[in-house]
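Hi everyone, thanks for making time this morning. I'd like to walk you through one protein chain, starting with the whole and then zooming in on a few residues. Please have a look at the screen.

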Amino acid sequence: MTTVKNILDALFATAPREFELEGDNNGLMIGNPDNFVTKVLFCLDLTTVMAEKAKNEGFDLIVTHHPFIFRPISAVTSENYKGRIIMSLSKSNISVISMHTNADAADGGVNDKLAEKIGLQNIRKGEKTGEEFENILRLGELPSECTGKELCEILKKKIFPAPLRGHIADKMIKTVAVCGGAGEDALSYATENGADAYVTSDIRNHVIIEAAERGVTMIDAGHYQTEIFGLEFMRDVVEKNFNVKTEICDEIRNIYIGEN
């Protein structure tokens with residue numbers, strides 16, 4: 001029989017802890033590592049909806065991308081949603097594993113999947129070493145040069161038709177850097193490695209201004225939209241190694257009202 005620890009070990013073998021960024025929290029969040037697993041649910045975030053689905057449909061394990069426990073929790077009570085979820089899942093003997101920035105950086109992980117979905121070729125890491133994002137960022141070339149507006153249309157078609165934010169530089173684009181989730185801090189690393197455009201999410205106004213000053217196109221394509229494909233990576237690891245049932249399921253978390 002497959003255990004929670006078996007699956008945890010397989011995920012860490014593919015997305016090693018040494019890839020995680022400082023301060024991140026990955027691994028077993030809730031549950032007993034010796035529990036048996038026959039059915040696994042994959043989602044970006046562990047919400048009440050996902051917890052109820054797991055309980056109602058007989059899942060033994062939930063694997064999330066975002067750490068369910070990121071900052072220290074001072075109490076587990078029914079007075080907040082995390083406490084309610086922890087108590088509910090523990091009572092139902094459902095475990096929770098989270099794989100975050102180590103899955104972003106893994107070969108075939110979140111950012112490789114994002115680059116593939118966009119249609120980039122020659123996908124690779126940056127050449128400069130000793131940088132925080134050296135294992136996470138991915139670069140690649142478009143099949144042919146395009147304008148910033150054309151790249152926006154590619155993103156809407158390939159990943160999700162959500163509103164986009166950012167800056168479009170007045171130059172043609174060939175090399176694109178990608179970082180799923182909140183990757184604004186990697187702008188310098190992207191441009192130093194030759195990116196004509198950088199696709200990420202959660203970009204603040206002053207970083208968009210910096211991109212404009214650098215003369216690079218920078219596009220905020222949405223946190224959910226740039227990370228959702230990473231669940232395929234984690235599911236594939238589990239399906240390759242274990243005879244268990246799996247399902248990818250997530251609520252669309254779109255911050256743009258009216259686009260849900």
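Let me begin with contacts between residues at least 6 apart in sequence: in this chain, 66% of them join residues at least 24 apart. Before I go on, please keep in mind that this is a predicted model.

Now the overall build. The chain has ten helices and eleven strands. Its radius of gyration is 19 Å, close to the 18 Å that the globule rule gives for 260 residues, so the chain is as compact as a globular protein of that length. If you draw a box around the C-alpha atoms along the principal axes, you get roughly 55 × 35 × 30 Å.

How much of the chain is buried? Of the 260 residues, 52% are.

Let's go inside. The largest nonpolar core contains 47 residues, and the ones with the most contacts within it are I7, L11, V40, I97, L151 and V176. Helix α1, residues 4–14, gives the most to this core, with six residues. There is also a second, separate core of 20 residues, with L137, L187, I208 and V216 among them.

Leaving aside residues up to four places away in sequence, L11 touches V63, I97, M99, M234, V237 and V238.

That list takes us to M99, which sits in the loop between β4 (95–98) and α4 (101–105).

My last stop is D112, in helix α5, which covers residues 110–118. The relative accessibility of D112 is 12%, so this aspartate counts as buried, the cut-off being under 20%. Not counting residues up to four places away in sequence, D112 touches A106, D107, I123 and R138.

That's my tour, and I'm happy to take questions!

Technical notes. Residues are numbered from 1 along each chain as its sequence is written. This is a predicted model: local features need pLDDT of at least 70, side-chain atom pairs count only at pLDDT 80 or more; totals for chains, interfaces and linings use all residues. Side-chain values use heavy atoms; hydrogens and water are left out. Helices (H or I, at least four residues) and strands (E, at least two) are DSSP runs, numbered from the N terminus. Buried means under 20% relative accessible area, exposed over 50%, partly exposed in between (1.4 Å probe, protein chains only). Contact means heavy atoms within 4.5 Å. The radius of gyration is taken over C-alpha atoms; the globule rule is 2.2 Å times the number of residues to the power 0.38. A nonpolar core is a set of buried Ala, Val, Leu, Ile, Met, Phe, Trp, Tyr and Cys residues joined through side-chain atoms within 4.5 Å.
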